[in-house]
Amino acid sequence: MNSYTRALHRRPPCGLSAHSCFDYLLPRQSEATVKLDGWPGLLETSTVKLEETRLLARHLQERARAVMPLHNHALAPLACEDWSPVWAERALERIRELAVQVEKTAEATRELRGWLRHPGDSVSLALLRRLRALTESLLAPEAVGPAFATTSWNQLAIDLDRWVTLVAEREELRKRLAGYDENKLLALDLDALQSKWTSAQDAWFLAKWLRIGGVRRQLRTARTDASKPTVGTLSQVLRDGLRLRAINADLSTVSTTAQACLGALWANGEPSAEALSRAIQWGKVLHTRMVECAGDDFVWLGQLRQLLSTLFTEGPAAYAPSTSIGTRLTRYSEAMAELEKVMDRLASDVRLRRNSVDTATDHFAALRALTERVPTAWNQIREWCSWQKARRTAMETGLEPLIDKLESPEGTTLDVSALFERSFRRALLFALIEREPALREFFGREHNERIERFRELDEKLASLSRELIRARLAAGIPRDQGIDDVPKAEIGLLRKEIGKRMRHIPVRKLLAGIPKLLPRLKPCVLMSPLSVAQYLEASHESFDVVIFDEASQIPVWDAVGAIARGKQLIMVGDPKQLPPTNFFSSAGDEDEDDLTPDANKDLESVLDELMSNQVRHKRLQWHYRSRHEGLITFSNRQYYENDLLTFPSPEAGHGGVRFRHLPEARYDKGGSRTNLKEGEALVAELVQRLRSTDGPRRSYGVVTFSQAQQQLVENLLDEERRKHPEIETHFGDVSPVEGEPVFVKNLENVQGDERDVILFSICYGPDESGKVSMNFGPLNRDGGERRLNVAITRAKHEVLVFSGLRSDQIDLTRTRARGVRDLKHFLDYADRGPKALAAATTSSSTAEADSEFERMVAARIRKAGYEVHHQVGCSGYRIDLAVVDPTNPGRYLLGIECDGATYHRAATARDRDKLRQIILEGLGWKLHRIWSTDWWHDSNGEMAKLEIAIKASKN
């Protein structure tokens with residue numbers, strides 16, 4: 001259970017938890033985002049990096065605003081960042097230079113394409129470069145024949161390779177046959193000579209000599225110097241001669257085809273191998289460039305072949321540089337070269353993005369558009385450079401998708417900061433879910449089941465712990481036999497005293513006589529400080545822990561003896577409640593208003609002494625008594641710095657505190673010191689409630705601000721008890737609410753009491769002449785505010801204030817007593833409710849939602865036809881959403897808790913998922929939990945469950 005909460009609210013270095021991402025994104029699920037796939041180290045992003053990027057996003061918006069719209073902007077091809085007036089002037093001149101060169105090149109291109117009969121109106125840069133390559137081939141020609149252009153290169157390459165091989169081999173043979181006349185040699189019957197030579201090799205000596213001599217004589221006739229060839233060369237000469245004759249025959253066979261393809265290069269059958277190799281290399285490049293220029297236009301390719309065939313028929317002289325054709329070729333090649341140089345210079349100066357121009361289907365149209373559009377927006381070039389610098393920074397940061405969106409047609413209306421925030425949080429949320437199995441595998445239904453199992457197990461553990469403690473303590477009680485560490489004498493002494501009917505030894509002596517047995521029988525001893533001094537010897541063995549309750553009412557001298565008898569001390573008390581006092585301790589009938597300050601001075605409590613000496617202390621924050629939050633709101637605000645954790649009530653009425661103003665009531669200041677009409681009204685209300693049988697049974701208490709008023713109320717109540725004996729059960733030990741009979745007390749002795757309903761009688765107020773004295777009895781003394789705090793926090797369900805005095809009748813300029821000031825504020829609070837407290841907040845339709853997620857859920861609830869309030873409560877703990885009962889607007893049908901800050905704030909799973917819910921359900925709340933993770937995945941399904949819960953709560 002803790003793993004989900006921790007994973008949901010764990011903050012990575014950037015400071016954004018998964019819950020904060022859910023909360024931000026849920027109401028914005030329909031709004032556009034971009035994928036920040038290029039963001040480096042998303043989960044390691046620091047708060048500094050995130051804040052810098054947020055500033056960058058705002059910076060982008062500001063820089064882009066000056067040059068909007070960015071989509072298809074005239075300066076879009078320019079990536080320049082550093083502006084200066086010299087640079088701007090030079091760059092503009094480069095653009096003008098480019099415009100001139102574009103027209104020159106376009107004209108040269110038209111001439112070339114016209115001569116080539118190239119189809120179409122537009123031409124791409126790729127085609128222009130292919131045409132330039134073609135012209136370069138034609139400007140460095142080989143003297144080939146017309147068939148060189150029309151023959152398929154696949155076939156031509158095979159033939160040329162074969163021909164050059166034969167020619168090269170023939171040249172090698174001729175080198176080896178140097179000294180022979182080729183024509184005479186080939187005129188000999190080389191086949192017969194070869195046969196004769198071969199037969200001679202196996203003949204007997206004389207025959208061999210005669211045959212070899214005959215071969216030598218025949219070959220001698222082919223010698224250019226008429227000398228006889230050596231015998232050792234005869235075999236090679238015969239072989240070379242036969243091969244040379246065969247090559248000549250092959251070349252003679254292809255002579256017609258070769259002449260048509262190679263033209264002058266064939267040299268009437270006597271081409272050089274070197275010339276043929278050059279032709280092969282040139283022809284391969286030429287044919288490749290022809291095909292590249294044609295692309296898939298085979299018709300034009302055929303026309304181009306015919307054109308070049310005609311050109312090759314005339315020979316290189318027909319398209320030499322001095323001819324019209326050569327001039328076209330040269331002009332185009334030079335124009336393209338110059339255009340490339342101009343473009344390179346411009347691109348270097350302005351960091352031109354060439355892709356759009358270089359890939360355009362009509363390169364010249366794109367260049368014209370560039371040279372025409374850029375100057376029209378040149379007055380924005382300084383702002384554009386500034387934008388480009390911010391753009392580059394954003395690209396390096398990983399915001400390329402953001403830039404793309406900004407440069408799209410919708411960029412003019414784009415909120416870059418909001419888009420970045422949504423996109424970053426979405427990417428971060430996905431990364432967190434990917435990393436955290438508790439989020440990735442979360443299902444609300446299963447989690448709710450785990451919570452229920454935890455509650456059951458926790459309750460079982462608590463029950464078992466109680467049983468275990470009870471068993472361990474019971475095991476220590478001595479039975480028939482003594483225990484090693486308990487002397488039998490102590491057991492005997494106790495049994496003896498138990499068996500006596502009279503003459504028991506004093507308790508102090510008895511306890512002193514069983515020092516080992518007493519802890520066994522009574523490990524926990526409940527005693528007042530006076531009892532400790534009375535019954536325990538100073539030498540008594542120290543207790544492990546001494547605990548004081550209501551320590552604010554114990555004087556130091558009363559506490560010291562008990563403190564000295566312990567090893568550890570726990571002091572429980574409220575410094576904002578009653579201190580020890582001798583108020584009302586004076587003898588006789590003297591009224592408390594007339595007591596001297598020394599007669600009613602508050603005493604210092606042991607709690608005050610310890611706190612003033614900086615002893616470690618801790619405030620218990622959970623307030624459990626008040627069943628309606630409004631009962632503790634005033635004290636929480638005035639005395640506890642709003643630090644108490646209180647729980648709202650499903651009854652949204654008047655905050656649990658009601659004011660009954662009695663304008664005719666008068667305070668008998670000079671006589672009885674009572675307020676008769678207040679007393680009568682209070683008693684009438686109390687008796688009416690005691691007699692009523694409608695509604696739940698309640699216990700009641702009456703608190704007065706003076707002893708005289710207490711006595712008056714008691715007397716009036718006694719009269720009513722005699723008149724209505726049926727209410728007598730409320731005053732006995734067996735009252736309708738067990739252990740809580742009706743009481744009537746004054747400010748000084750009400751501490752420690754609690755009842756469902758408390759009725760106040762202020763007593764003080766206007767006298768018979770209408771004047772209001774600023775004397776309010778104990779409230780005027782130091783510590784009077786403590787008495788007020790005690791009195792107003794006794795009720796569990798309701799406080800009803802009876803007063804002839806209103807808050808605006810108390811003049812604080814006439815008194816400096818804090819108790820009087822707080823009384824004024826309390827009367828105002830009782831009269832007007834929590835809005836009387838400047839710093840208090842209350843459950844109403846005007847309260848603000850704690851998160852975007854809650855606001856989104858509330859909107860869906862309102863759409864379903866229900867009224868819903870945000871953040872119901874007055875203290876640190878609030879119900880996130882509360883659905884108002886349409887039939888009873890003062891009541892809430894259902895409390896809805898989300899898994900936001902309030903849920904996460906609880907320190908432990910027990911506080912979060914058990915104790916808090918037990919208290920709320922005890923107050924009458926019906927609760928429904930919505931998990932943000934489930935809402936993210938299926939908001940409609942979760943809303944359906946919520947509507948079912950609302951309908952069920954009506955029943």
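1. Let's start with Trp209, which sits in helix 10 (residues 205-220); helices here are DSSP runs of H or I with at least four residues, numbered from the N terminus. Trp209 is exposed, at 56% relative accessible area, because exposed means over 50% (1.4 Å probe, protein chains only).

2. A quick word on the model: it is predicted, so local features need pLDDT of at least 70, side-chain atom pairs count only at pLDDT 80 or more, and totals for chains, interfaces and linings use all residues. Residues are numbered from 1 along each chain as its sequence is written, and side-chain values use heavy atoms, leaving out hydrogens and water.

3. Now look at helix 29 (residues 630-639) and helix 32 (residues 784-792): their axes are 9 Å apart and the packing angle is about 155 degrees. Helix 29 and helix 32 are therefore roughly antiparallel, the word used for angles over 145 degrees.

4. Helix 5 (residues 125-139) packs on helix 15 (residues 324-350) at about 135 degrees, with axes 9 Å apart. That makes helix 5 oblique to helix 15.

5. Finally, find Val734 in the loop between helix 31 (707-723) and strand 5 (743-746). Val734 counts as exposed, at 74% relative accessibility. From Val734 to Leu779 there are 45 residues in sequence and 35 Å in space, C-alpha to C-alpha.

Terms used
Helices (H or I, at least four residues) and strands (E, at least two) are DSSP runs, numbered from the N terminus. Buried means under 20% relative accessible area, exposed over 50%, partly exposed in between (1.4 Å probe, protein chains only). Axes are lines fitted to C-alpha atoms, for helices over the stretch in contact, and angles run from 0 to 180 degrees between N-to-C directions. Angles under 35 degrees count as roughly parallel, over 145 as roughly antiparallel, 65 to 115 as roughly perpendicular and the rest as oblique.
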